[in-house]
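Good morning, and thank you for coming. I would ask you to keep the sequence and the structure in view while I speak.

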Amino acid sequence: MNRQTLSLIAGATALAAVTGFATLSAPDASGGDTTAKAAAQLPVQRTSLLCPQPSTSDVAETAYTAFTPATEGTGGEGGAELVAAGGGSTAPGTGGEDDKDDKGGEGDKGDDSGKNKAAKPVLEVKEPGKPVADSTDGGDSPALIGTAEGKFAPGWTVQETTEVAAGTGRGLLGVNCAAPDTEFWFPGASTAAGRTDYVHLVNPDDSAAVVDIELFGKDGALKSTVGDGITVQPRSAEPVLLSTLATAKQADLTVHVNVRSGRVAAAVQALDDKQGGDWLSAAADPAGSLVLPGIPKDATSVTLVAFTPGESDADLKLRLASPNGPITPAGNETLHVKGGMTATADLGDITRGEPGSLILTPTGDSVPVVAALRVVRGKGANQETAFIPATRPVGARATVADNRAKGTTLALTAPTGAAKVKITASAGSGGGEATTKTFTIKAGTTQHVEMPAPSGLKGAYALTVESTSGGPVYASRTLEAKLDGVPAFTIQTLPNDRSTVAVPEAREDLSIMQR
């Protein structure tokens, strides 16, 4: 038999490096004499991040901080910028007001919609390793659409932090701007009296996205017809008030966002009349074991919200990774989660003066679940809320931006084995010199890392965590501020930045082979 095989490995390798989403493996058709070697990790060449509209409050003050860590092996100049949603395409050569055509004339002015006009950047990263920051006031700041290319793409991180001095949701609200995707889970949302929760959807593409939103409470799915087929216009944002999707009032809900067509970024803004508010980022994908890192040592109330998407029930074992090792919370040793229903556990002041991380593992058969923590600090009228969703491990590298000289706490946990990490505090957005230290995290513990701020710090800086040896590490950053006696705070997890993509190494001959 005569068969021709055309190797597509070279083209696939290029595609993977550009998109950052492909993981490729070559088939073995010759009993060991393959056309590709083991997969290599190459830096991604393009990254997209989307920031939701920060607030509608007139007294809101929002800071944006963008940062790309320096990465070896990156080629080309590239760039990284954020533009207002609805402000037109950022693709080069799309014919903005200042663009010229190939003949030196002006670009097409016949399109009044602005679709083909280049948007003015709101924030641009000038150099890897140095953060940039900007701020805005009031409630009319738009959602932002960002793109990083070339040497600016691997590990690009953007933080949106908002201070709201008064009103519903007053306090400190922070969110890592997220990459677009097609499915999201948000355990911890609410439609109870006193809560105003929105799902913010941002579409980065030039075609409309169609989204379905489902709500699951303690008895299962909430009846709703208006959550199906929500259209998010091209390069636009759409906030959806959860209480308009179902009439039932429930304190603890799991929100499922499923994208039928296109892709979006999604985040839940949870605002409380009495306990402040924060952003609830998407939880890690459903899994049998989960880690929720970095519960503050002075938390006065902690609530676990969990949901299993399938029909099978899940039985979870709860452990608190403290600075001295794992602890089983008295009275909350396990949690039973019925299939398709949201379950909660009131953990009270579980940390009792020491930082901790919650570890969830199956007591028997592993059933995929999603989970998040609602954390309250303060007492009486001076309470503030934040959320800790289950997260992916740091892996090779993870970064969080908008750290400050005061009020920044980095928590690390190594649930299964001791680990070493290298932490770099970048230069500040206004100046300073980067500093690096190495730390060892003992197995089953949570450590607050005393990372010194960069010398000569001016402005905000970024923290980059790199795993160097040992077991998996999970991390979160707490940012604090004082607002008229309220212990305002926000917590962001540090999942792996997915700055590299696995591609196979081609052997020397990629031509047509005959056999």
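The link of cysteine 51 and cysteine 177 is right-handed, with 110° about the S-S bond. The model before you is a predicted one, and in it the sulfur atoms of cysteine 51 and cysteine 177 lie 2.0 Å apart, forming a disulfide. The structure holds one disulfide. Cysteine 51 and cysteine 177 are both buried.

Let me turn to the protein as a whole. It has 515 residues, of which 50% count as buried. Its secondary structure consists of one helix and 40 strands. Among contacts with a separation of 6 or more, 82% are between residues 24 or more positions apart.

Four strands make up an open sheet, in the order β34-β30-β37-β38, with antiparallel pairing. Which strands stand at the edges? They are β34 (446-449) and β38 (486-493); each has a single partner strand, so one side of each is left without a neighbour in the sheet. From one strand to the next, the twist averages 25°. In general, the strands of a sheet pair through backbone hydrogen bonds, either parallel or antiparallel. Here, β37, residues 474-483, pairs with β38 in the antiparallel sense over eight bridges. For arginine 477, the bridge partner in β38 is glutamine 492.

In the loop between β38 and β39 (500-506), we come to serine 499. Is serine 499 buried or exposed? Its relative accessibility is 8%, and because the limit for buried is under 20%, serine 499 counts as buried. Its side chain makes a polar contact, at 3.0 Å, with the side chain of aspartate 497. Setting aside neighbours within four places in sequence, serine 499 is in contact with Leu42, Pro43, Val44, Pro154, Gly155 and Arg397.

I now move to the nonpolar cores. The largest has 29 residues, and those touching the most other members are Ile295, Leu304, Leu347, Leu358, Leu360 and Leu373. Strand β22, residues 314-322, gives the most to this core, with four residues. What surrounds leucine 358? Not counting residues up to four places away in sequence, leucine 358 touches Leu290, Val291, Leu292, Ile295, Leu304, Leu318, Arg319, Leu347, Ile350 and Leu373. There is also a second, separate core of 27 residues, which includes Ile230, Leu245, Val264 and Ala372.

Glycine 348 and valine 302 are 46 residues apart in sequence, yet their C-alpha atoms are 5.2 Å apart in space. With residues up to four places away in sequence left out, glycine 348 touches Thr300, Ser301 and Val302.

To close, I return to the pair with which I began: cysteine 51 and cysteine 177, both buried, are joined in a right-handed link. Thank you for your attention.

Definitions and conventions. Residues numbered from 1 in each chain as written. Predicted model: local features only at pLDDT ≥ 70, side-chain atom pairs only at ≥ 80, totals over all residues. Heavy atoms only, no water. Pairing = 2+ DSSP bridges. Helix = DSSP H or I, 4+ residues; strand = E, 2+ residues; numbered from the N terminus. Axes fitted to C-alpha atoms, helices over the stretch in contact; angles between N-to-C directions. Core = buried A, V, L, I, M, F, W, Y, C linked by side-chain atoms within 4.5 Å. Buried < 20%, exposed > 50% of the residue type's maximum accessible area, 1.4 Å probe, protein only. Contact = heavy atoms within 4.5 Å. Disulfide = S-S within 2.5 Å. Polar contact = N/O pair within 3.5 Å; in protein donor to acceptor, adjacent residues only side chain to side chain.
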